[in-house]
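Please read the points below with the structure open beside you, and check each one against the model as you go.

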Amino acid sequence: MAIKMPAMVIVGGFFGDEGKGKIISYLAMKDNPSATVRGGVGPNAGHTVVYEGKSYKLRMLPSAILNKQTKLMIGAGVLVNPDVLLDEIKTFNAGSRVLIDSQCAIIENIHIERDRGGYLKERIGTTGSGTGPANSDRVLRIAKIAKDIDSLKDYVGDVAFEVNKLIDDGALIILEGTQGTFLSLYHGTYPYVTSKDVTASAICSDIGIGPKKVEDVLIVFKSYVTRVGEGFLPGELSEEETIKRGWREVATVTGRVRRSAPFNFELAKRAVMLNSATQIALTKLDVIFPDARGKTSFEALPKDAKKFIEDIENSLKVPLSIISTGPEVFDTIDRRSQLRIMA
Ligand code: GTP
Ligand code: IMP
Ligand code: MG
């Protein structure tokens with residue numbers, strides 16, 4: 001029997017946009033996984049991958065897009081907008097690598113219209129991508145699913161079966177979460193949340209993986225916190241202060257300006273608990289410590305950046321295994337082998 005190598009789940013630790021796209025694209029190029037599988041809500045997500053000066057945006061396909069040996073799958077719990085998906089498949093010429101579960105529910109124009117007015121837009125500040133209304137139709141059991149859609153027929157299959165089989169064969173699999181812990185419908189800042197749970201357990205369920213098949217949960221935190229849409233943001237800074245600190249960001253999907261706050265240890269602790277995180281990835285270290293930019297070893301980091309990392313590890317009691325020091329895939333410090341030796 002093959003040696004089993006369980007899967008790794010990657011989740012956002014704050015309110016989404018922690019830079020999961022960057023971390024997943026790094027792992028996909030470094031570890032060469034057999035497949036990367038999307039869980040999470042749907043095309044409300046926006047991921048950015050930067051490689052050799054070029055920037056790639058993704059809303060439906062997994063962020064492993066640049067590793068052509070990695071299969072790109074979408075789990076049954078994820079909502080599919082066929083237009084967005086087909087457009088990405090075309091842009092990245094990825095057709096031969098894509099498999100979407102036949103049970104993915106479909107976002108139609110009517111869902112997008114319902115998401116772009118009234119309570120959802122005005123009160124919650126949704127992304128307007130139709131995900132909330134489509135999930136509500138799914139709960140009512142009136143949503144269409146992928147196997148009903150002719151334009152998707154070349155890409156539809158049994159993702160749960162394929163992923164479980166790959167894991168049983170000893171393949172390396174990355175399960176890609178979207179949004180962030182405090183946008184979870186159950187564990188987030190209700191009602192200012194997304195339309196599903198998005199913690200690690202939910203990502204596994206979206207894909208059809210039982211909890212015993214997951215060894216590692218990698219939680220991604222940004223070096224500061226951002227939030228788009230309505231809802232409480234502890235320690236929120238004024239827009240003026242956000243700009244002054246260089247933390248101003250514009251959302252990938254909606255073009256909205258993100259609100260910001262300093263790194264929040266209490267939120268981070270709770271996120272570690274809710275996801276049973278085993279490792280942490282920290283992004284945008286260079287934004288708060290410019291001398292960290294592009295560094296690829298921990299030793300080369302400025303003293304105050306090292307202290308920030310040690311404070312996070314001491315407070316959260318989880319090893320900080322990957323540190324992102326710039327937008328490029330390989331602007332990354334990978335401490336996984338050292339941490340394994342220390343363990
Ligand atoms: P997720 O929604 O968590 O996947 O994040 P994202 O990939 O969508 O991030 P977002 O769209 O918010 O984009 C973040 C921006 O920061 C992108 O342009 C990334 O290329 C960039 N970025 C990611 N990591 C780093 C980093 O460590 N340093 C810097 N300077 N930029 C980064
Ligand atoms: P919805 O998911 O579009 O219904 O939006 C609900 C809330 O989640 C809003 O505050 C959105 O801004 C937020 N949200 C949903 N997806 C993302 C994401 O990928 N990044 C950041 N915020 C998101
Ligand atoms: Mg994003």
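1. Ligand 2 is surrounded by 16 residues, and the closest are D17, N44, T127, T194 and R256; a residue counts as near a molecule or strand if one of its heavy atoms lies within 4 Å of it. The model is a predicted one, in which local features need pLDDT of at least 70 and side-chain atom pairs count only at pLDDT 80 or more, while totals for chains, interfaces and linings use all residues. Residues are numbered from 1 along each chain as its sequence is written, chains are lettered from A and ligands numbered from 1 in the order in which they are written, and side-chain values use heavy atoms, with hydrogens and water left out.

2. For Q179, a polar side-chain atom is 3.2 Å from a nitrogen atom of ligand 2. The protein covers 97% of the 460 Å² of accessible area that ligand 2 has on its own, where accessible areas come from the Shrake-Rupley method with a 1.4 Å probe and, for residues, only the protein chains shown count as cover.

3. The shell around ligand 2 divides into six nonpolar, eight polar and two charged residues. In this grouping Ala, Val, Leu, Ile, Met, Phe, Trp, Tyr, Cys and Pro count as nonpolar, Asp, Glu, Lys and Arg as charged, and the others, Gly among them, as polar. The shell around ligand 1 divides into three nonpolar, 10 polar and eight charged residues.

4. Around ligand 1 there are 21 residues, of which G46, H47, T252, R258 and S324 are the closest. Here it is backbone atoms that deserve a look: an oxygen atom of ligand 1 is 2.2 Å from a polar backbone atom of G46, while backbone atoms of G19 and G21 each lie 2.9 Å from an oxygen atom of the ligand. The protein covers 90% of the 640 Å² of accessible area that ligand 1 has on its own. Helix 1 (20-31), strand 3 (47-51) and helix 10 (285-288) each supply at least two residues of this shell; helices (H or I, at least four residues) and strands (E, at least two) are DSSP runs, numbered from the N terminus.

5. What coordinates the magnesium ion, ligand 3? D17 (OD) and G46 (O) do so, at 2.0 to 2.1 Å. D17 lies in the loop between strand 1 and helix 1 and G46 in the loop between strand 2 and strand 3, so the pair ties together parts that are 29 residues apart in sequence. Donors are N, O and S atoms within 2.8 Å of the metal (3.2 Å for Na, K and Ca), and water is not among the atoms, so sites may look incomplete. G46 counts as buried because its relative accessibility is 16%, whereas D17, at 23%, counts as partly exposed; buried means under 20% relative accessible area, exposed over 50%, and partly exposed in between (1.4 Å probe, protein chains only).

6. Helix 7 (residues 200-207) is mostly covered, with six of its eight residues buried, namely A200, A202, I203, C204, D206 and I207. These buried residues pack against several elements, including strand 1 (7-12), helix 6 (159-168) and strand 9 (214-222). After helix 7 comes G208, whose phi is positive, near 100°.

7. K213 lies in the loop between helix 7 and strand 9. The side chains of K213 and N164 make a polar contact of 3.0 Å (a pair of N or O atoms within 3.5 Å; within protein, one must be able to donate a hydrogen and the other to accept it, and residues adjacent in sequence count only if both atoms are side-chain atoms). K213 and N164 are 49 residues apart in sequence and 8.5 Å apart in space, C-alpha to C-alpha.

8. Q279 lies in strand 12 (residues 279-283) and counts as buried because its relative accessibility is 8%. Its side chain is joined by polar contacts to the side chains of D216, at 3.3 Å, and S321, at 2.6 Å.

Technical notes: Contact means heavy atoms within 4.5 Å.
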